[in-house]
Structures are given as structure tokens and as C-alpha cells.
Amino acid sequence: MSEPLLKLSGVHTHIEQYHILHGVDLVVPRGELTVLLGRNGAGKSTTLRTIMGLWRASAGSVQFDGRELAGMETPDIARQGIAYIPENMGIFAQLTVQEHLQLACRSGKPDAARLDWIFGIFPALERFWHQPAGTLSGGQKQMVAIARAIIEPRRLILVDEPTKGLAPAIIDHLAEAFVQLKASATTILLVEQNFGFVARLGDSVAVMDGGVIVHSGRMADLAADQDLQTRLLGLSLAAHQ
Ligand SMILES: Nc1ncnc2c1ncn2[C@@H]1O[C@H](COP(=O)(O)OP(=O)(O)OP(=O)(O)O)[C@@H](O)[C@H]1O
């Protein structure tokens, strides 16, 4: 098997006086969609922010294609070809869809073929191209956030709970978008709580609890094993209620 694209080993993160990640070991294989599951407060968002350098790892290593990211500044991490879509999406209400995508291009102008590919995935973005993002629905804003992340080719995309607060029809559309993104050989690390959404999409899965990874394996194995789901997802929920 080839070396994973991203590998976290023994990562600890402190936020002020709080010790949040307690030695995270996580492997993200190349070209796959890896899902990070776990209850609220398990440390999933902190893991993504630590990879991006938005929180500093206090110990451990974050290897990206053999290069150490821990200690690097966030813009340098992004320059490795890593995009991050935070839970709040970071959309600017006054800027149009066009302006969001232009700002995300180093050349200031999206590549025409790439833009056509994105419009194929999200036709609504072409329709609302000149509209301020503040006037779009939650699902359409999520599409802007994803489009902005992939307007230039990326090696790894980190996505934090893209389905949160979205209607089922929009979630189905997003699932289709992720299928197309995967087909373009982009590696994806997706944080989710919606198991139905990711059970079909994920290649590999890791489950977090209490700031550590408590399970990792193939998503197909977890999706087919009710007992394992209950033990990992149900039990961890019950234990913390
Ligand atoms: N800025 C902060 N200051 C202090 N504690 C924080 C901060 N951000 C997160 N935490 C704490 O870190 C822990 C992990 O939070 P994190 O957001 O990583 O969890 P999560 O698994 O992504 O859950 P959620 O789905 O609720 O976002 C929680 O106990 C949270 O309260």
C-alpha cells in the first residue's frame, strides 16, 4: 500500500489552559474520502484546525506527503495544496458568487474549464453568479464555500460538517458533488455527524472520542456492522450524556 497523503501521529493540542487533543493518530489515504465521526465536543473541528495550523499542536507530528506541517504557518500549509472549509463556511454576505471565486484564485481569474466543471457540479452557482452570497440559501452558501475551495486544484480538502442545517434534498445534491470530487482524485477529510450521508460516501472512517481516535477502518465494514455502530457511536454518546 502507498504512503498515506496525510498522517497524524500522537498529536496533542491545547487551547489556552485546556488540553483538547490527547494524542491523535489519524491516517488519510491518497485519493480517498476519509470520514471523521464522533459526538459533539469529541475534538473533530480541533483536529482540522490543528492540521491547518489554526491551532498549534503542542506535541506530535502532522505529515503531509512526507513533509512536516506542525509548526508551519497557515498560509504555508495552504500553499501545500490544502483547502479548509470551516463549519461556518466563511462566506461574505456582500460579495457576489463571482467575487468569492475570483478572490480564491491566485491569478484573480478562474480557469474557464475548471469553472465549467464546477458549474456542472453546482448549476445554481452559474444562475446566481452576480448575486450577493448573503441572498443565497444555506445549501447554496455551502456550494459557494466548496466551489471556492476547489476553484484551483487541491491535493487535500478538509470539510467541517457541510450538511449541518441543510434540507434532505440539498444533502443528496451535496453527496453527488462529493462523488464527483472524489472522481477527480482529490483526497478529502470530511467531519460529519450525519452517518446516513457519509455511510455511502466514505472509503475509510475514523471515530473520535475524548480527543483521541477510538476506531479506524473501512467505512463499508462500519456501515455493515450495526453492533459496531452502536458500540462506537451509540455508546460514546450515552457515556457522555
Ligand atoms: N476556542 C476554544 N476555547 C476553549 N475550548 C474550546 C475551544 N474550541 C473548542 N473547545 C473545546 O474543545 C473540545 C473539542 O471541540 P471541537 O469543536 O473540536 O469538537 P467537535 O468534535 O468538532 O464537536 P462539534 O461537532 O460540536 O464542533 C470541546 O470540549 C470544546 O468545548
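This is a predicted model: local features need pLDDT of at least 70, side-chain atom pairs count only at pLDDT 80 or more; totals for chains, interfaces and linings use all residues.
View 1. V205 faces G217 of β10 across the pair. Two residues lie between β9 and β10, which form a hairpin. One turn residue, G210, has a positive phi of about 60°.

**View 2. G23 and its contacts.** G23 belongs to strand β2. G23 counts as partly exposed, because 14 C-beta neighbours lie inside 10 Å. Which residues touch G23 once neighbours within four places in sequence are left aside? They are G10, V11, H12, G60 and V212. G211 also belongs in this view: its C-alpha atom is 7.4 Å from that of G23. Along the chain, G23 and G211 are 188 residues apart.

View 3. Strands of a sheet pair through backbone hydrogen bonds, either parallel or antiparallel. Here the four strands run in the order β2-β1-β4-β5, and the pairing is antiparallel. Strands β2 and β5 (67-68) stand at the edges. Each has a single partner strand, so one side of each is left without a neighbour in the sheet. Helix α1 packs on this sheet and touches β1 (6-15), β2 and β4. The directions of α1 and β2 make an angle of about 75°.

**View 4. Where β4 meets β5.** Strand β4 covers residues 57-64. β4 and β5 pair in the antiparallel sense over two bridges. Q63 stands opposite E68, a residue of β5.

View 5. Helix α6 holds 13 residues, 138-150. At 1.5 Å a residue, the helix should span 18 Å; its end C-alpha atoms are 19 Å apart, so the two values agree. Is α6 mostly covered or mostly open? Mostly covered: 10 of its 13 residues are buried. These are Q140, K141, Q142, M143, V144, A145, I146, A147, R148 and I150. Several elements pack against the buried residues of α6. Two are strands, β6 (82-85) and β7 (156-160). The helices are α3 (97-103), α4 (112-121), α5 (123-127) and α7 (168-183).

**View 6. E16, a loop residue with positive phi.** Most residues other than glycine have a negative phi. E16 is not a glycine, yet its phi is near 50°, a positive value. E16 lies in the loop between β1 and β2. Is E16 buried or exposed? E16 is exposed, because 5 other C-beta atoms lie within 10 Å and the cut-off for exposed is 12 or fewer.

**View 7. A185, in the loop between α7 and β8.** A185 sits in the loop that links α7 to β8 (187-191). A185 has a positive phi of about 70° and is not a glycine. With 11 other C-beta atoms within 10 Å, A185 counts as exposed.

Notes
Residues are numbered from 1 along each chain as its sequence is written. The expected span of a helix is 1.5 Å times one less than its number of residues. A residue is buried if 20 or more other C-beta atoms lie within 10 Å of its own, exposed if 12 or fewer, and partly exposed in between; C-beta atoms are placed from the backbone. Two residues are in contact if their C-beta atoms, placed from the backbone, lie within 7 Å. Two strands pair if DSSP finds at least two bridges between them. Axes are lines fitted to C-alpha atoms, for helices over the stretch in contact, and angles run from 0 to 180 degrees between N-to-C directions.
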